Amino acid sequence: MASKKNSRRKFLKNTTLGALSLGVLPLVSKDAMATGNITDACDPTTLDYYGEGPFYTANPPQIQGGKLADSSEPGERLIISGRVTNLDCSQVIPDTIIDVWHADDAGAYDNVGYKLRGQTKSNFNGFFQFETIMPGKYLNGAQYRPAHIHFKITPPGGTTLTTQLYFLGDTDIPGDAAASISSGQFDATDRTISVHKNGQGVWEGSWDVIVDGQGVSTGLNEAHVDKGMIYRVSPNPFTDRVEIFYGVFRPAQVKISVFDMQGNEVAHLSEENLNAEKYTAEWRPEADLPKGYYFISLKVNDQQVHYQKVLRN
């Protein structure tokens, strides 16, 4: 019989960006953990045994347009997304600094400039995301290090956690002194994620960060159960037009809006008093709105109760 911890890890590794796009990646409180299958669903993110390593460069630039690697960078494209929560997973932590760096496709670091180095922040719902390339491997003595991404994660007013992310199925993990650790403060198990190719042939992986910090409660886990929810957005990805299918479960004031990854409202689609019923809305973005990921938000009586992530190509 699988242990509770291994069950939780299996759950997380199978929860990729597809789950994020449905708005169902859960915040799990202590009470919920005691009654659900994921009883041990809130292990703090661990340090990496190798720590910062020898290739960190201070004062990295902000990641522009969500892309750590520009479009000309050689290598297979990779999207990493996740959510930052507090230690009992009951709150998300916005404005957490996510400092990222890794080797290029050939396994080399840029130690002169800032190629494949940058910072982003978690948004108003605790989410972060960036696009890069799959890191290459390099020799560490006689053994190749598995592909990995370095992170320094700093919640507002908190201490910095320095760690590394690995990829499930990498054949160099078992022989690596850091990536192979499966218990204790350097346990890399929850930092070894699965990746899958999306419809555009881009690798996607999801990794939640659980750190000591003060966050905010979203109420998203329970609110959509009795207030309303977004059933579907189509097409997704889209180019010029996306349709939103949603339901209201009791008479209320209902608002449909669109936010970018930084939490800025970019479109106000509707706001009106509605009866309990199913509805549709449409978003036709302005032509000059950048391509990328956005959140469709459903508010009921001024409480955000549900959202879905969409990609504008």
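Author: Two strands count as paired if DSSP finds at least two bridges between them. The model discussed here is predicted.

Reader: What makes strand 13 and strand 14 a pair?

Author: Strand 13 and strand 14 (residues 242–248) are joined over six bridges, in the antiparallel sense. The requirement is at least two bridges, so the two strands pair. Within this pairing, Arg-232 stands opposite Phe-245 of strand 14.

Reader: Which strands form the open sheet, and in what order?

Author: The order is 13-14-17, three strands with antiparallel pairing. The twist from one strand to the next averages 20 degrees.

Reader: Why are strand 13 and strand 17 said to stand at the edges?

Author: Strand 13 (228–234) and strand 17 (277–283) each have a single partner strand, so one side of each has no neighbour in the sheet.

Reader: How do you know that Arg-83 has no salt bridge?

Author: Arg-83 lies in strand 1 (residues 77–85). The nearest side chain of opposite charge, that of Asp-208, is 6.9 Å away. A salt bridge must be within 4 Å, so Arg-83 has none, although Arg-83 is buried.

Reader: What does the side chain of Arg-83 reach?

Author: The side chain of Arg-83 reaches the backbone oxygen of Asn-125 at 2.8 Å.

Reader: Why is Gly-201 called partly exposed?

Author: The relative accessible area of Gly-201 is 40%. Buried means under 20% and exposed over 50%, so Gly-201 falls in between. Gly-201 sits in the loop between strand 10 (196–197) and strand 11 (203–206). The C-alpha atoms of Gly-201 and Arg-77 are separated by 8.2 Å, with the two residues 124 residues apart along the chain.

Conventions. Residues are numbered from 1 along each chain as its sequence is written. This is a predicted model: local features need pLDDT of at least 70, side-chain atom pairs count only at pLDDT 80 or more; totals for chains, interfaces and linings use all residues. Side-chain values use heavy atoms; hydrogens and water are left out. Helices (H or I, at least four residues) and strands (E, at least two) are DSSP runs, numbered from the N terminus. Buried means under 20% relative accessible area, exposed over 50%, partly exposed in between (1.4 Å probe, protein chains only). Lys and Arg count as positive and Asp and Glu as negative; His and the chain ends are not counted. A polar contact is a pair of N or O atoms within 3.5 Å; within protein, one must be able to donate a hydrogen and the other to accept it, and residues adjacent in sequence count only if both atoms are side-chain atoms. Axes are lines fitted to C-alpha atoms, for helices over the stretch in contact, and angles run from 0 to 180 degrees between N-to-C directions.
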